[in-house]
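Please report on this model.

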Amino acid sequence: MTDLIAQRTAAPISELDRGRPDVALGEPGRPGRGGRRGNQRGTRRRGPSQSAWWALLFLGPTALGLLVFYIWPTFRTLILSFTKSGPFGGSEFVGFENYVRLMQDHELLGALRNTAVYTIIALVGIPIAVAIAALLNTAGLRGRSVYRTLYFIPVVTMPAAIALVWRMIYNGDYGVFNEILGVFGVDGRSWLTDPGTALVAIAVVGIWAGLGTNIVIFLAGLQGIPETIMEAADLDGAGPVRKFFSITIPLLSPSIFFVSVISVIGALQVFDLVYMMLGRNNPAMPNTRTIVYLFYEAGFLDNERGYAAAIAFLLLIIILVLTVVQFRLQKKWVHYE
């Protein structure tokens with residue numbers, strides 16, 4: 001009786017597996033470790049070392065690019081900021097002398113003020129882009145692709161071309177802008193040489209040039225809002241304005257937060273528009289010189305590389321602090337559904 005029960009409860013062995021001790025010695029109902037299924041699994045599974053090599057293979061190019069173009073230049077700039085360049089090359093270690101000079105430089109304070117004003121004006125482009133994106137997202141709008149293309153053209157246009165065109169538009173003698181103002185009886189001025197208007201004029205160009213990118217991002221966020229939420233709002237009797245401020249803006253807040261971060265970083269690094277639209281001898285330069293332009297003057301015109309490196313590292317710290325503040329504040333107004 002005992003032998004009969006043992007035969008019935010034992011695992012069945014197929015004809016192909018007869019005579020194989022590795023299968024016969026396996027656990028009841030499961031093939032042994034050396035069985036056919038076990039061998040197949042063993043050949044398909046990669047060890048930890050193989051997975052690590054594959055990870056390094058795919059991450060290597062990106063990590064190398066970050067090391068060569070970002071991490072090493074940052075580290076090199078930090079070292080250079082503690083040195084002073086000689087008139088015929090070479091450098092000597094001067095400690096914190098460049099940073100002490102930064103704190104006493106009146107031009108740096110003016111550049112920081114101009115950069116802050118430009119950044120604040122540049123942020124005005126965010127609500128403008130949101131409004132345009134909402135209009136382009138209107139159901140049944142014809143020519144939507146054409147409008148997207150027209151708004152995105154400045155993004156793919158060379159900054160030099162943008163600067164030259166807007167210099168002609170702002171020209172005090174034959175500029176188109178003054179001609180338009182003259183139709184309404186308003187006397188124009190030389191917008192790029194007047195210290196009171198030069199920075200605002202450049203900021204307007206920056207807003208216009210960056211609208212395309214912001215609109216594309218906001219359009220993607222608007223198209224991700226579920227239609228069921230809008231239909232529920234319609235059933236509750238909400239109008240277009242109420243839906244825009246109570247539904248669209250909160251659900252679009254992650255995109256607005258992302259655009260605000262990249263807009264602040266880009267505005268703090270503005271240089272090309274100031275350099276190409278004004279010029280070094282422009283009487284409005286003291287009121288439009290940004291911190292990056294001050295870095296350019298110190299490093300490339302005055303050959304003070306150590307001082308320029310200190311300016312660059314100060315800008316890096318400012319960007320890091322403002323970005324951290326933005327990430328802290330986003331917890332109070334950004335809604336991730």
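## Confidence

Where pLDDT is low, the predicted coordinates should not be read in detail.

Helix α2 (residues 21-24) has the lowest mean pLDDT among the elements of the protein chain, 44. Helix α6 has the highest, 95. Helices here are DSSP runs (H or I, at least four residues), numbered from the N terminus. The chain mean is 85, and 85% of residues reach 70 or more.

This is a predicted model, in which local features need pLDDT of at least 70, side-chain atom pairs count only at pLDDT 80 or more, and totals for chains, interfaces and linings use all residues. Residues are numbered from 1 along each chain as its sequence is written, and side-chain values use heavy atoms, with hydrogens and water left out.

Thr115 lies in helix α6, residues 106-122. Thr115 counts as buried because its relative accessibility is 2%; buried means under 20% relative accessible area, exposed over 50%, partly exposed in between (1.4 Å probe, protein chains only). Its side chain reaches the backbone oxygen of Ala111 at 2.7 Å. Beyond neighbours within four places in sequence, Thr115 contacts Ala267, Leu268, Thr290 and Ile291.

Asn114 is also placed in α6. At 4% relative accessibility, Asn114 counts as buried. Not counting residues up to four places away in sequence, Asn114 touches Leu199, Pro286, Asn287, Thr288 and Arg289.

## Packing of α8 and α11

Helix α8 (residues 144-152) and helix α11 (residues 198-223) have axes that come within 8 Å and cross at roughly 145°. Axes are lines fitted to C-alpha atoms, for helices over the stretch in contact, and angles run from 0 to 180 degrees between N-to-C directions.

From α8, the contact uses Arg148, Tyr151 and Phe152. From α11 come Gly212, Thr213, Ile215, Val216, Leu219 and Gln223. These contact residues divide into five nonpolar, three polar and one charged. Ala, Val, Leu, Ile, Met, Phe, Trp, Tyr, Cys and Pro count as nonpolar, Asp, Glu, Lys and Arg as charged, and the others, Gly among them, as polar.

## A positive phi

Most residues other than glycine have a negative phi. Asn303 has a positive phi, near 60°. Asn303 sits in the loop between α15 (291-301) and α16 (305-333). At 38% relative accessibility, Asn303 counts as partly exposed.

Key:
Helices (H or I, at least four residues) and strands (E, at least two) are DSSP runs, numbered from the N terminus. A polar contact is a pair of N or O atoms within 3.5 Å; within protein, one must be able to donate a hydrogen and the other to accept it, and residues adjacent in sequence count only if both atoms are side-chain atoms. Contact means heavy atoms within 4.5 Å. pLDDT is the predictor's confidence in each residue, from 0 to 100.
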